[in-house]
Structures are given as C-alpha cells and as structure tokens.
Amino acid sequence: MHTRREFLMSTAAAGALLAMPQATNAAGDRSLNVAIGDEPTTIDQSIAWTGVDYTTAENYAEYLIQRSPAGELVPGLAERWTLSSDGKTLDLFLRRGVKFHSGDDFTAQDVIFSFERGRAKSSTVKSRLSSVAKIGAVDTHQVRVEFSKPDVTFVPNRCAAMISSKSYFERVGEAEFGKKPSGTGPFRFTEYKPGEYLDVERFDGYWGGPVQVEKARFSFVAEETTRVAKMQAGEADLITSCPYFAVKGFEGNSSYNVVKLSLYHPTMSIVFGTQNPKVPWADKRVRRAMAHAIDCDAIIKGVLFGIPDRLAFLAPYEVGYDADLKPFAYDPATAKKLLAEAGYADGFPMKLSYAVTGRVQMNNQVAEAIASYFEAVGIKTQLAGEEWGAYRNAYNAGKEPGAQYVGLFTHGRAGAVDPTYNFSLFFQTGGPISIYSNPKLDELNARAKATADNAERAELVKQLVRMVQDEVPSFPVYNNVAVYITSKRIKFTPTKNFNFDLVQLKDVTFV
Amino acid sequence: MSETGDLIPLLELRGVTKYYPVKVGGFLKSRRCLLKAVDGADCSVLPGESFGIAGESGSGKTTMGRLVLRLEKPTDGEVLFAGQDIAQLPSTELAEYRMSVQAVFQDASGSLNPRMRIKDIVAEPLRIHMRMSKAEISERCRTIVEQVGLPQRVLEGFPHELSGGQKQRVAIARAMIRKPRMLLLDEPVSALDVSVRAQVLNLLSDMQEKFGLTYMMISHDLGTLGHVSTTLAVMYLGRIVEVGRTEELYERPLHPYTQALFQAMPVPDPTRVKRAPSIRGEIGSALELPQGCRFAPRCPRRMPVCTELNPTLVEAAPRHRVACHLHHDPS
Amino acid sequence: MNTVTNGLAWARLGSGWRRLPIFPVILLAPMVIFGILGTHIAPYDPGATNPVNALKPPSWLIGEGFSHLFGTDYLGRDVFSRVIAGARASLTVSVVGVGIAGCVGICAGLVSGYFGGWAETILMRLVDIQMSMPPILLALLLSASLGTGLWMVIFVVAVVFWTNYARVLRGEVLSVRQRDYVVMARVLGCRSHTILRRHILPNVIDSALVVASLQLGAAVILEASLSFLGLGVQPPAIAWGKMIAEAKLYLATAWWLPFFPGLALVITVLGANMLGDWLRDRLDPKLRNS
Amino acid sequence: MLTFTLKRLAIGLLCLVGVSLIIFVAMRVSGDPTLLLLPDDALPEDRHAMRVQLGLDLPVPVQFGVFLENAFLGDFGNSIRWKMPAMSLVLSRLPATLQLAALAFLIAAVFGLLSGVAAARLRGTVYDSLIRFVMTLGLALPVFWIGLMLIMTVSVNMGLLPTSGRGTFWHMLLPAVTMALNPAAALSRLTRSSMLNVLGTDYIKLARVKGNSDSRVVWKHGLRNASIPVVTLAGIQLANMIGNTVVVETIFAWPGTGKLIIDAILARDFPVVQAAICLIAAIYIGLNLLVDLLYGVLDPQIRY
Amino acid sequence: MQYDPVLSVRNLETHCFTPKGVLKAVDGVSFDLHSGQSMGLVGESGSGKSMVCNSIIRLLPRHGVRTVGGQVIFSGRDILGISESEMRRVRGREIGMILQDPLMSLNPVFTVGNQVGEMYRLHPQAEDGRPIHQRVLDVLRKVAIPSPEQRARQYPFQFSGGMRQRTVAAIALAGRPKVLIADEPTTSLDVTIQDQFLCLLKELQEQEGMCLILVTHDLGIVAETCDNVAVMYAGRIVEVGPVREVLMRPAHPYTEALLRAIPKPGGRGTRLYQIDGEPPNLLDPPPGCPFQPRCARAMPICARTTPPMKADENGRAAACWASDIEEVRA
C-alpha cells in the first residue's frame, strides 16, 4: 500500500515540477527584444574586427558615412566628402554640433583617434586603411586622408572605422572605455551580459532624425531552432538569420512579418584549386562541365526553400554589372560532352569539401544535392564535411601546387563594397582568401582599383567578370538572402550592407 | 632439533617465518607494521604420514600452507622438500616440485574455474609441463575420475553442475593426476555436509593407502584432524605451540590452549558432562603481539614468567613437544 | 534459505534457454538485420534523390499506400531506406568503436589488475586524466583537431569509452586473482599468460560484456550529439544521429524526418540497455540474488 | 584526513597537467588558428604577428613549458577572440553553468533516488517494470532531442515556460530538466540495484526481525548503506553535468561555460579552451575528492 | 502433556515457486515447543531447517517463496493469519532471532548502541521507565560485553566476531522474547568462541525462561545445548525427541547414519560410516520416503509410500518403515 503511495508521490512530484506558471515576456510599449545568432567578440566599436561585432555596435556607434536601407552611401557624421581627381586625397567635412553619449563633442581629433586606434587594434580596420598614407585634421571639423595609391573601396567601406571619442578615452582610460563604449549613434549602450544579452536605449541627443524604439535588448541565441521557437513563443520581436526551413511557417502566419534582404554575399560557390596540373579540373573544360552539371535553381527551390537568389556574378546595382551575362545553365548533356572532350567521358573521383559548422545554413544538404548532380554526370563525389576551422585550413591548402581541392566555399562575387574589393580578396594571386592565380586578372584588377572614374572602372570590371566566367576558377551556386522575422507590431527595414544580420534599430517603426 | 624417527623427513620447516608489511591507520600517516603470520615454525613431515595442523582463524595455518606450496617465499627460515630448500629451486626443479606437491582447498567451487569443463580442469596439470597425446590425456582423466569415485559423464560438464562433494572429488582428481608425493589439504571437508564429508574423508584415506601419499592437512576441526592425522601440530598466533603424535596429544594435551580447544569441541555425546569454557576472550591480532607467550593474555594458568618470556618448543614427552613454561622443567 | 537459494540457482542455470532476453532481442533483431543487410533490403537507393517528391509525409498517412513508408526528405530520398541504411553506420560506430574500446580497455584492465606495479600506475593515471575531462568535451576536442567522418567518430568512441573497461576489469581482475582456482593454477605451475588467458579472462569477460552492452547505446547517442554539433559522420554515410541532428530543422514542418531515425535510435539504445540489464542480472554474481 | 586530501590534491594536479597536455596537443594539430582568429581580409603580416603573439613560432615542448609555467601562476593568457584574460572570461561564465548544473542535479538526484527506491521496493511488480522502462528510455534519448522537444511542446505550443535565455527561475527549468533526464535515469537504475543488494542483506533481515516497519527498514536501515555506490555515481554525474552543458547551453542559449567552450574550440581560441577545460577538470577532481570524503561520513568503516 | 505449548507448528508447508517447478522446501513440518524448552533443529544444507524458522517469523524472500499451508500457533493464535502490522509487534518482542553471520547481520553504518537501543524504541516496555541508554548498557552487560559504555559508541566493524554475535544476542534479548530462534549462530565462529557463545546462550535462556530453537548442522552442539532435537531431511522432520534418547538410540536410519559419519579422534585407520549419494533434488523428489535411495535399510515399501511419523507418548517420534519406536526402546 504505502509502496504504491510512494510511486504515486514520485510521479506527482514530476507533474508538479513541470506544471509551473509561465514567465511572461511582456515588452514595454516601445521596447524591443531582438534575438540574434552570435554574440559580439567585443563591444568596443573602435576595435571591432569580425562580422558579429557590428550587428549590435552599429546602433551605438557610427561610421563617418552611412548607407541608406537601399544600400546607397549617404552623409552621416561626414556631411560631405570630396575626392581629388587623381583619387589620392579625400577631404571629409564633419557634421557640427554632434555629441557623444559621454557628452563629449565630436571633432576631427576623434576621427584621427579612431583611425589610429583601429589601425593598431583591429585587423579589419588595419587592412581597410592599408592604402592610406596620412590622415590629418585640416580644422576642427575637416579631415584629410591621403592615399599612397588610389583606393576606390575606402569610401564604400564608410571610411574604415567606427568613431569613438578621444576625450572620453583620455578621461576614463582603456578599461572603462572597453566596458562602457560611447558613440554618436541613435542608441546609448546600457548593459552587456556576456553570453546573454546587450541592452541599448534611445539617445535623445541624436543628431539624426527621430527614432521610435526606446529600448532594446539583443539576446544571443546561437541555436537557430531555439531562435525560431523564441519568435513563435512571442519572446522576441525580431530575429535575425531565420533559417530557411522556418520561413514558410512564418509566411503563412499573420502574426509575423517576414523581411528578406538580398545581401548577395556570401556567394556559395564551387571553388577549384587550379594550381595542380594533374587534377582533372585543371582543365577548364572540366570546370565548365561541372558548372553545367548542377541544377542550381532546383537546389534553391528544393533544398533552400526557394529563398536565396542566383546571380551570374554581380548584382544589377553594382559598378560593371553586365546584363548580358547569364549564369551557367543546367545542361547535363553539355557537361558530359565537355567532360568527354577533356578525356573524362567516364568521369573521375573527387572529394568535395564543405563546412558543417559556421554561420552558413544547410551546407550539408546543399553539398549532398551537388554531389548527386555530379554523380549524374559520372563524377564520383566523396563528401568531406569539416568543422569550420578544418574547412578553412583545407581551403587554404588548396593553393598549394599539389592540392586536390574542390570545395563548396563562401566565396565573394556580388554584394561587395566595390567589385574590385572582392576580386582582390578572392581571385587575386596571394589575395587573403584566394587560391587562384592569374597574372592577367591581377593586372586588370590593379588597374580597376586605381581607376577612380566609375564608368571607366565599370569597363574594366566587365572584363574581369568575363575572364572569371571564361576561366571558371569558381562558379556560383546561390547568393545569400538574409531573412529577418518580426512581430506584427513593428516594421523593420534592413539596410543592405555587407554584414549579415545587421539590425539598425533606427529603421524600426511601430505599427 | 631432535630427530623424530629414523626416516628422513619428506618436508621440513626450519625456523620458517613470514611477515607481511601492512599499513595501519589511514593513508600516509599510517604506521607500517609487520603482520607476523608465521613466526619461527619448526616441524618435519615424514613420508607416508598425515601431518595435521590445527588452529583457529588468525593462527597462521593457512600461511603455512601457502609457504609449503611456494605461493609465498618465507621472510626467514627455509622450507625443505626432500632435503632441498624450495625457495632456491631453479625453474626446472621448481616445475618438478610443482608436480610433487599438490593441493586441495576448502572451497571446491572456488578452486574450480567455473568457465572450464571438468575434463579440462582435471587434465590441466598434464597440459602444463608434460608432452602427452590427447588420447593419453583423456585416458588418464578417465582413470583418475574413476578412482575418485565419479561417473565418467561428469567430465563433459561444468563445475556448477556438480554437488559440493563431487566438486571436491574433482579437486582431488586434479591434484592426483600427476601422481604427486604429497598433498596439502587446506580444510578439505569443512564446507561439506556431514554425510558427504565422510565420503571425502574415506576417499582421502583410500588414496593415501593406495599411492603411499603424504598428507599435510590444515583444519580448525579437531574431529576431522583426529581422524586423519598421525601427527598433529597446534598453532596459535603464528607459532606452533604443541606438536606430537595424534593419539598422544588427544590423550594428554599439555598446552593450556590445546586443552581448551579439546574442551570446546562439541561432541555428540549426551552423556558427556559439559564444563564451563576454560578460556575467555578471542585470539589477538598478529599485528600487536603481546610480550612473552602469545597465549598468556587468555591463559587460565598464566604465571609471571609467561608475560616476559616467549616459551620455545621443547620435548616434554617422547615425540611430543610443547611451547609452554608449565612444561619447561624437564622433571 | 539454503534450499531456496540452491534451488533457484540450480533452476536458473538449468533453464538458460527459457530465459532468453526476449524483449531486447525483439528490439535489436531488426536493427541488426538492417545493419548487416542494409541497402540490400531497402526498397529504394537511400542516396537516390528525387526533388519532385521532396518532403512527402509517410505515404500511408496520405492514402498513397506503402510507397514511402516513412515519407521522403528534402531531396526526395526515401526515409525508410535511409533509416535502414543508417543502421549500418550507427551500428558500425557503436559496435566497432565499443569493440576497440573493449579490446584496449580489457588489456589495460588485465595488465594493471594482474601485474600491478608501474604498468598499473601509468594506466590508472591515464584513466584518471581522461576521466577528469567530460566525455563530450574530449570528443569535441578530438573531432575538432583530427577531423570528422565515420572512422573519426569510431576513434572518438573508442577513446572516450576504453576507460570504463579498464576500471571495471581492473577491479574484477583484482578480485578474481584472489580466487582459489587462480591460486591452484599457480600451484600447478601455470605461467602468467596462461593464467590470464585461461583462468582470469574467461571469468571477467562477463563484466566487460555488461559494460559493452550499456555502452553500445551510449555510443549511438554520442554519435548523435557530435552530429548535432556538426562533427559526426559525413555523407554519403548515413547515421541515425546525423539524420536526427539535420532533421531538427524540420521539427515543425516535416516531423517524420526526425521521428523515424529517432525511433530507430531509441529502440536500439533501449534494446542494448535492456540486453545489458539482462546480462548483468544473469552474469553478475553480486546481483544474482536480486 | 588532511594527508589523504593532500595526496589526492597532488594526484589531481598531475591529472591537470595531463589534461593540459591533451588539450595542448589537440589544439596544436588542429590547423592554423589565425584563419579563424583574424578576419578574412587580414594582412599576412598580421597573421604572422598573431602566431608570434600566440607563441606558435616556438617549438611545441617550449610552448607547453611556457603554458604550464604561466598556468601555475594563474595566467592562462588572453582570449584571442574575446580580447580579455581567458580565465576571467571562463570564470565570468561559470556561475551560470553552476547554477544550471545545481538545479539539474537536484532534480536528477530527487527523481533518481525516489524512483530507484520505489522500484526496488516494488520489485517484480508492474510499477517496477514501468519505472525501469521509463528510466531506460531516459538513457536512450539524446539530450538535444529532449531539449528541442521540450521547447516545442512546453514553450511554443503550451506557452508554459520561456524558451531560452537566463533570467528568472522559470528560465532555468527547461534546460535543467533536459540535463537531468539522463543522470536521473542512471541514478535511478543504480539506486534500485544498490537498494536491492542492501535489502538482501542479513542486517536488513535483522531489522525486520526486530519489528521495524517496511518503510523504516528501507529509509533508515537501507538508504544510507545503499547510497554509498550511488554517491560515487552522483559525484561523477554532477561533475559531468558541468562539462556536458555544451549541448544544452547551445540549445537554450544559456550563457555558461559549455557554450563558451564549444565556441572557443571551433574558433581555435587556445587560451580559453585551455582555461575552461582545466577549470572543469579541476572541478571534477575536487568533486571526486568531496565524494570520497563524503564516504567517510556515510560509512564509518572508512577513515582517511 | 498437561501444559499448552508456547509455540506449536502444525503441518507447516512452505514452497518455492521456481521456473522449473514447485520446490517443497518445507513439507509438512510439525513440532511443539514448551515453556523453557530448547530444541535443536538439525539437518544438512538444503534440508529446510532455516526455511522453517523464516516461515515462523514470516520473513520469507518476497518472491517465489510462500507458506502455503499449516499453522504456527503462538500464545494461542495462529500467527500465520494475523496482519503484517500485528506481526511486527510479534517480531522482536515475542519471537526473537539470531542470524548466522554476525558481521552481516549488524548494520555497518550505525553504532552498536543505536542498534540495540532501536529495540527499546520499537517496543517500548511500559513497566521499565529507565532511559534507553541505561537499558542498552544493561543488556550489553548481560551478554558479557566488557566496558559497555565505550562499546556502545562503537561501530560493528570495530568488534570481533564473538562480540558481534553477542551484540546480536543482546538485540534479541532486549525485546525479552518468549521464543528465541538462533539460526546457525556459531557457524562463522571459532571453536573456543563458539563454546563461549553457546554457554552464554544457554545461560541466558535459562535465566530469561525463553524457549530456544537452535538451528544447526552439528549434532555435537545439539548434544551440549538442547533438551529436544528434531532431525530434518528433505523438507521434513524425520525424527524428533529428547536429545539424550535420540542421540543414544536413533530410531531413523538417517539420524543413525549422521551420528556414525562424524569423524572422531583416534578413529584413524577405520573407515567412517558413509552415506552414499547426495541429498535429493527437491524439485524432483524420489517417490516414497525421501531418504530411501540412500538408505541402507530400504525396503520395497519405502519407495512406494512415504512413512508417517510414529510417536510414543513422550513425544519421541520417527518417520521410518524400518524402525519401530517401541522396538528401539525395548
């Protein structure tokens, strides 16, 4: 008898523990809960160096130049700027009467301080400033930047660094400066709990237009399924990087807005290590055949829920966009023909490297699909999914002369600050993320980079694009589209920039 | 050393001592003590005789057995088998020694590997050093199994299928299969029921008669020892306190401990008049030995000298030696 | 009391065939058959894609007969066939991984338990060191540094699990070597390796079997957890853990994707654990009376 | 007891050195960390500078020596990714993990013990089978699966508890339950078999002979004896919980060390990995020592 | 007999239900125990003697073992029929028990004083108002444990074997039971300690006026300790009677064989009387008298019909076709 009672007691205890009242997530009238994927590695905007750092920082700190949601460069802390005709001198005229959250005035000294600090502490800022020979203040609100060689990416990069206050730094010292960042942005940094959230609140002294959001909390929720659950449970007003599989569910539900942003970057591409003459894909016919072998549109539709875009190379708004250039068509017959021409009528075995961790979603599924298309034309594909670090190591080894590398890689094609920027990064000999080498391309790109005139540069870029399209060191599978989900009570217009998951709260309005 | 007879002893223990270093107390802060399991034992076993060792738990009799089997090497003294110190034997002769001296232990189910068939258990000694054909081996097995009174069918079975008595017969068969000269019997029947015990004891005496075996039998049961042994040694806390011919010892025990043992032994004779126990308390620890005679703290006839001097084994009567101050005076 | 224990023990030993682990066998048999026959009995090629047919629920639920018993996945592959094919990788990971761990651990346990001395000190310190790292972290570290893939997962399983055997076996050997039959073997003049092989190993192997059966399930789960973190086996190898981990994306939209491999995994782990319980009840003398 | 503790601590220190060595070697063979620790467009000289800063240009044994020397002084270096002292980063995340592990452990211990004792007392009945089945099932479910299912059902569909994050007690409940299920199952099974062992002993029989009621026999005479092996397992479980939070923290966005460690491993942030795993190993060693000392309390025969 | 027995066991049947069939561990056992009497229950392992005790005190293993028939009449009522809570008041208070292995029967985690004192807490005796601690010391003194104040604070592992068994006896005595069942209480003790303990037990039994059931396999112990003896074989009592008569003139061939099989000093060279074969497998008992396959005096009838107990007026009885009690006495 009592033993049965014991049993019942233990099960009842189980029930009691589970049936607890719920915690409400009642958000204040004008405050927001935002669930983002990754936590910034630093909250100090002056030393920000990696993509995830900007998602939050761009709300309390600013660049000299801003982008409109559509992606155009518009005045920010710099009211206007002039570039000399040789492209070697940039004059920046700063906005007057701007105050930092710390109360300090914004002057030319702050710009110079931010550049110098960024150059010393942030490898990103440092590489963006690599073409800069000298920075100096002309007066309190004018800064002159002198380049050692023309750099068409400097302005599109919004002048390299986010601005911090020199006098604030001198007043509080390094430690406090890092812990309580102060900027000129529409929001003031209030609290940061590592691993949990970062809070901001509206800065009423903001120089820019009115901002509706009063307070916001960015929670860091790495697991995408949980992020989706948070939205579904009403715990968040906005989530970033909504996984593609969940989009359909939100689209069919009237309580949510689905906001898609065609970032185009990164371009998930098949990239070849072409330095090794012994591999089949050293022959460009083989590379071209492989490009024709994959039905990318079917992958986008079937695997990726039809969400990402697919471009031949550049986006229509970019300098040098070539409307006549079409992506490789799905054409297995041509693929087989090209393979036969190259002497691989029976195909060949190959390893396809791809990442199994990291921020790009559904790599695994895409790689499996690609492999099945390759198999269809006789290329025996062994999938080699690797954790991000190993994947990057494998990619880097792809430039070695003996490498046998084919990978599904996060390549850069469309959606860069300037097309030449991506060419130097991904295709130039010795480029930071390049495993390709072609002296003609290097020479052409150097010329394009040094050409300040847009029309002239557009011609050069067209040639570069044609060259890549002909040589096929890589070919695109799809271009990234970022998806945000918001609750119905807000309207969010994301800004087309180069980082994914950017959430600028000033672009949120309440319905 | 007084000679016990004209015969050369088969096994002789001379001042055999076995100390085990043990840690007492907790880790590290512990003291290292010596557990004096056997402390200066002298005795000799003549060919063909049955030498019994009696004693309570903790008396060191099992360690004696392990020393004789060379499972342990003595700390001091020597164990001589046919005149040779077994601790010094080179490996070939050690193998021979292992053939000459075999053992049967108390727990038959414990001494048979539960995962082996009876035929493999019995034949194992043959497989170790001897080069014999399979047919020979199985022939020998069948013979020996018959000799110990087991049906042939048990050979194919496993130990758990047998009863306690049968297991002990298997153990005897294994010990006998290489025709040893001596068997060490360590409590061979104390785990058996009365009816089965009689069977095994009869078998043992048959075997001895048939093969001219020498027995060394260790037991706490004076009844069994009295039935089997010709010579009996009584041990207490690592020392032999009395040794002599069994009949002599039973009729005229000299040491107070031996006397107490006989008195405490239950006898199924309702006519016997039961007296109150003559000794109190329990056997002490071999770690903390008292000064003087080890039995002194429990001895009903303790004298002042007993707590000072440890008595040595002296001949109190012909072929009857005792270690007690009461009998030190040869008068 | 004596009668009962004797009687029961006798009855237990005498009627082994009747006390077969029916339930575990029922649970495990199909999985083992899938694992061995794998693709030969699968209705479809588990790798064959058919985008037109992607993400179809189980056919019998939508009145389409039994064409796709467990539905199809995002590439239109037959989930039933993939679950069958997944049995091979999952069982390979657990059986081979646990087997290797067993061989290493048993040897370590035997050596350290029987010989003691420096071998024991070194082995047991090694065990200590490894035990002070949580298994999942060790697995993560190994995967991150040595790579991914089926054989890596097997290696990780072996590395993570060998310590269990070593500890258990060492304890068992310590107790078995005190038994009289081992002492008797020494009296008979057996050499150490003979004693280990003939007298000790057969009597401690039971414990190893119990450990192994409990670990089989744990290995499948470890594979699944690694896959969840992105470090498990890689295609074209199909393992259940991997299928579930990937299918978490479809929890809300295509429940059959995580459900069926999950079911297979749960059944296997459940079966292996029950088998372990059964073995333990049967083989562990300490628990024999309970 | 003091000497015992000291000896165990010395062995523990040795273990820590061993653990460090394993992490050290594992991280060194895992490829060039600068690919992950610097942005894609970083300049080659920056990459080189970072290698020098990490000491990767030195021979590996020298690197290990330097690491050990610094570690003994409490300096595990600076996190490369988070740009702050690695150990203080890890320590700042530790309370969250400890909090979660403590609640999970509490749940696991209470359930494991109660259900184990209940199963032992109801041995052979349908309740016993039911408890054993549920507990075996608990061992058969992968943690991430349980976690996601709980979020889907309890938070999203029923709206009872928050999905993720840290805040109130209710935020802790789902992750704690998720983490508790496996250990609860293991504890329950062990408690059952341990209790059955104890219930078969003569002293339990004597307790019945004395006229004790069944529940007194179990709770007073049985539990303390039965808990001795259970305590060992519980100690290991608690220690493992602190290390096994990786998956749960990822799912529930819990700001603890588990998430930090996997991020650090994947980002090749050596100092953080080393600091975190050393810390967890130290906690593990400490807990085991505590368990051994607890033995002394439970079992009067054990004196250190 | 003019007095009612304190404990009367009538046709007790306890069966084990095994997967292989029903094992009749106790198969119709009857005996009476009168005030102040001590009875030895003798048998080899597996004869069911312990099972009889466990059936009396109703502490059988939970599963597969059940008392299926008979009565145990204690103080005028059948205690097989009373509720479990009533039975709890009988245990310890009315019927005490001493188990075989004193090391195993004391709980290792409680002090000796605590374990003895528990008896007083479980069975408060109104007439005795003294503190429990005091009474614990008294009973420890009674079983001759030296310096009880100090000993009561110690744990069982700090006790020697003999002291542990005395402690177990103290626990039994603390309840002042009318019947004390001692199940092989000295098997794990050395012979001198056994002697001391048995003397103590006998002394206490006489002092307290308890009935004693002493289970043992050793006829020597019975001879020295008990008034009556019952010999068990294969779940049945085959012979019962006063110790002196049974041991001097055994009526049952099994009793006789047992006595003659005991090795005696000075018996060297002579063969022991040997009972061939093994005790029967109770799952498949032989037909008729269970001892018949091993019996030297077996007759054809023995294999057909189980012999009934034939008793004389003094309570002497045996179950054997071959022996006639009157004949033996004559």
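From the N terminus on, chain D runs α-α-α-α-α-α-α-α-α-α-α-α-α, with elements taken as DSSP runs numbered from the N terminus (helices H or I of at least four residues, strands E of at least two). This is a predicted model, in which local features need pLDDT of at least 70 and side-chain atom pairs count only at pLDDT 80 or more, while totals for chains, interfaces and linings use all residues. Residues are numbered from 1 along each chain as its sequence is written, chains are lettered from A and ligands numbered from 1 in the order in which they are written, and side-chain values use heavy atoms, with hydrogens and water left out.

**Chain D**

- Chain D has 13 helices and 0 strands, and its C-alpha atoms fill a box of roughly 85 × 55 × 30 Å along the principal axes.
- Of the 304 residues in chain D, 65% are buried (under 20% relative accessible area, with exposed over 50% and partly exposed in between; 1.4 Å probe, protein chains only).
- Among contacts in chain D (heavy atoms within 4.5 Å) with a separation of 6 or more, 75% join residues 24 or more positions apart.

**Interface of chain A and chain D**

- Chain A and chain D bury about 4,700 Å² between them, 62% of it on carbon and sulfur atoms; buried area here is the accessible area (1.4 Å probe) lost on being put together, summed over both parts.
- Chain A gives 50 residues to the contact and chain D gives 52 residues.
- The interface holds 3 salt bridges (a side-chain nitrogen of Lys or Arg within 4 Å of a carboxyl oxygen of Asp or Glu).
- One of the salt bridges joins D46(D) and K126(A), with the closest N and O atoms 2.7 Å apart.
- On the side of chain A that touches chain D, the elements giving two or more residues are α1 (2-18), α4 (123-128), α6 (224-232), α12 (388-397) and α13 (419-427).
- The largest share of that side, 10 residues, comes from α1(A).

**D183(E)**

- D183(E) lies in strand β7 (residues 179-183) of chain E.
- D183(E) is buried yet has no salt bridge, and the nearest side chain of opposite charge, K205(D), is 4.9 Å away; Lys and Arg count as positive and Asp and Glu as negative, with His and the chain ends not counted.
- Leaving aside neighbours within four places in sequence, D183(E) is in contact with S50(E), M97(E), I98(E), L99(E), Q100(E) and V215(E).

Methods
Buried area is the accessible area (1.4 Å probe) that two parts lose on being put together, summed over both.
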